[in-house]
Amino acid sequence: MKAGVLALQGAFREHAEALDALGVDVVEVRRPQHLSGLDAVFLPGGESTTIDKLLDTSGLRDPLDGALRGGLAAFATCAGLILLATEVVGGRDDRAPLSFLDCTVVRNGYGRQRESFEAALEVDGLAGGPFPGVFIRAPVVSRVGRGVDVLAVHDGAPVLLRRGRIWASSFHPELSGDLRLHQWFLGSIDRERTVA
Ligand code: GLN
């Protein structure tokens, strides 16, 4: 299993460490050629406007968009979710860079007093008890399109979404010290690979 982590800005090292701990071959994706041969790509948290700009300067925007449209599995966290959402409220120009997952997100939507917090999340289908959700200036998901599954909700807002091979969370599983979501996501791809 070979997984890429978009390494333009933000919390990419933490994803790489989590994947490394799971025995996955990790590639830091900085250039279009780093996308070749990947089974999955992780889009990390960070500053979505900065990552958006760096998608252009690195030449990655079109190749990444093409790879996702071609069926590359992805797990997007926080700013990564903002990159994939079809609608962004409070974005630089209210347009999502990759526009791939049908949902609306409100940037920094959890408000000032709760910009960062932790919450125990009940995740549908995840064994082993609640998942420690680490939220850092996270986007609030205010709308989810048809065909997008909601796997966890916090305070009435979806926080973990899945549509086929695309998973996205408004929290940071890579910062929680709990590898179950990375494991589950990778396991689901691996099973598809075995079946295919
Ligand atoms: N607030 C950041 C943004 O809007 C996302 C925060 C994060 O990824 N932890 O880009």
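Predicted model: local features only at pLDDT ≥ 70, side-chain atom pairs only at ≥ 80, totals over all residues.

Mentor: Residues are numbered from 1 along each chain as its sequence is written, and side-chain values use heavy atoms, with hydrogens and water left out.

Trainee: What kind of aromatic pair do Phe-117 and Phe-135 form?

Mentor: Rings of Phe, Tyr and Trp (its six-membered ring) pair if their centres lie within 6.5 Å; planes under 30 degrees apart count as stacked, over 60 as edge-to-face and the rest as tilted. Here the centres are 4.6 Å apart and the planes at 5 degrees, so the pair of Phe-117 and Phe-135 is stacked.

Trainee: Are Phe-117 and Phe-135 buried or exposed?

Mentor: Buried means under 20% relative accessible area, exposed over 50%, partly exposed in between (1.4 Å probe, protein chains only). By that rule, both Phe-117 and Phe-135 are buried.

Trainee: Which residue lies over the face of Trp-167?

Mentor: A charge sits over a ring if NZ of Lys or CZ of Arg is within 6 Å of the ring centre and within 35 degrees of the ring normal. At 5.4 Å from the ring centre of Trp-167, the residue is Arg-162.

Trainee: Which residue lies over the face of Phe-100?

Mentor: Apply the rule again. At 5.5 Å from the ring centre of Phe-100, the residue is Arg-163.

Trainee: Which residues form one aromatic cluster?

Mentor: Look for Phe and Trp here. The cluster is formed by Phe-42, Phe-75, Trp-167, Trp-184 and Phe-185.
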